[in-house]
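Hello,

Here is the structure I said I would pass on. My notes on it follow below the display.

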Amino acid sequence: MPNNPYTAPDELVTGGHIIKETSSVTVLFDDIHYSLSSGQLNGGFHHTLGVRNQQLTYHIETEKDLPGGSVANYLAQEFEHIDVPVHFSTALLTSATISLHAYTIVQESDTIVETIITGGYNKTAHRAGTGYCYEERNGEFHTPGTINILVFTNKALTDSAMVKAIMTITEAKTASLQNWQVESTNEVQKYNINVDHSLAKEVHTSATGTATDGIVLTIDTNGDLLTDAGSYSLFGDTLAKAVYIGVQRALTLAIEFDD
């Protein structure tokens, strides 16, 4: 097991108990929190007592190959050994090595943002709009999340501010990749024949993310209510810094130990 200098603590400063297992990192809350997630288990806006990043440790061709026959059912089953109601849980799936997750905390004034991020990009780095690898039909499955980002804060946000926060998180992730000069994979071969593909035909295209990234943003509903999470705001800047640093750390670990 590699020595990970960025491993998450047992407790979040913003409130939450962290369970670190061989193939998962789970954060459990003492009271109900509110999340916005791209995960297939209770994704979207959801009240939650548990947030999880689950590693898939074997290759599959379709969702039906998973226990339970779907990503959502598989993730639900993985929650069963933790005493949390499944419909108060949300989770992401990743192929990245969970033990190489990176924890980051950034505080400005009384605003705190913590992140737990898994990373890697060699197989799935991608520039948005430059082509696709597959069309979802009949449960065809693509390698799960490579850069998965769990975000926690002591602040409350309006629903619209949570959506804005997802935008800020994505911008910070992209800035981190661009500063590393990560280029999009050359494996993308398929294009929409009805649009100009000048972008796709560039020899070198910097990645804006990976094709399989995931985000879970969790807020404290008892915290101060904010209406803006853009990068001009104190909260948005703190959020962006935490994600930027966390992605850098996760990619450093992936390159050093995993990729």
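Leaving aside residues up to four places away in sequence, Thr-158 touches Leu-225, Leu-226 and Thr-227. Thr-158 itself lies in the loop between strand S9 (156-157) and H2. Its C-alpha atom is 9.6 Å from that of Ala-229, although 71 residues separate Thr-158 and Ala-229 along the chain. Please keep in mind that this is a predicted model.

On the chain as a whole: it has three helices and twelve strands. Of its 259 residues, 50% count as buried. Among contacts between residues at least 6 apart in sequence, 77% join residues at least 24 apart. The accessible surface comes to about 12300 Å², and carbon and sulfur atoms account for 49% of that.

Next, the aromatic side chains. The structure holds two aromatic pairs. In the pair made by Tyr-34 and Phe-45, the ring centres are 5.9 Å apart and the planes stand at 20°, so this pair is stacked; the cut-off for stacking is under 30 degrees. The pair links distant parts of the chain, with Tyr-34 in strand S2 (residues 24-37) and Phe-45 in strand S3, eleven residues apart. Are the two partners buried or partly exposed? Tyr-34 has a relative accessible area of 14% and is therefore buried, while Phe-45, at 34%, is partly exposed. The limit for buried is under 20%.

Phe-45 also belongs to a nonpolar patch on the surface, together with Val-163 and Met-167. The three residues have about 240 Å² of accessible area together. Val-163 is found in helix H2 (residues 159-179). Its relative accessible area is 40%, so Val-163 counts as partly exposed. Patch residues need over 30% relative accessible area, and both Phe-45, at 34%, and Val-163, at 40%, have that.

Another ring, that of Phe-79, has the charged end of Arg-52 sitting over it, 5.3 Å from the ring centre.

Last, helix H1. Which residues of helix H1 (residues 71-78) are buried? They are Val-71, Tyr-74, Leu-75 and Ala-76. An α-helix has 3.6 residues a turn, so residues three or four places apart point the same way. Val-71 and Tyr-74 are both on the buried list, as is Leu-75. The cover over the buried residues of H1 includes strand S3 (44-55) and strand S4 (89-94).

Regards

How values were computed
Residues numbered from 1 in each chain as written. Predicted model: local features only at pLDDT ≥ 70, side-chain atom pairs only at ≥ 80, totals over all residues. Heavy atoms only, no water. Patch = residues over 30% accessible without salt bridge, like charges linked within 9 Å, V, L, I, M, F, W, Y side chains within 5 Å. Areas by Shrake-Rupley, 256 points an atom, 1.4 Å probe, with all protein chains shown as cover. Salt bridge = Lys/Arg side-chain N within 4 Å of Asp/Glu carboxyl O. Helix = DSSP H or I, 4+ residues; strand = E, 2+ residues; numbered from the N terminus. Buried < 20%, exposed > 50% of the residue type's maximum accessible area, 1.4 Å probe, protein only. Contact = heavy atoms within 4.5 Å. Phe/Tyr/Trp six-rings, centres within 6.5 Å; stacked < 30°, edge-to-face > 60°. Lys NZ or Arg CZ within 6 Å of the ring centre and 35° of its normal.
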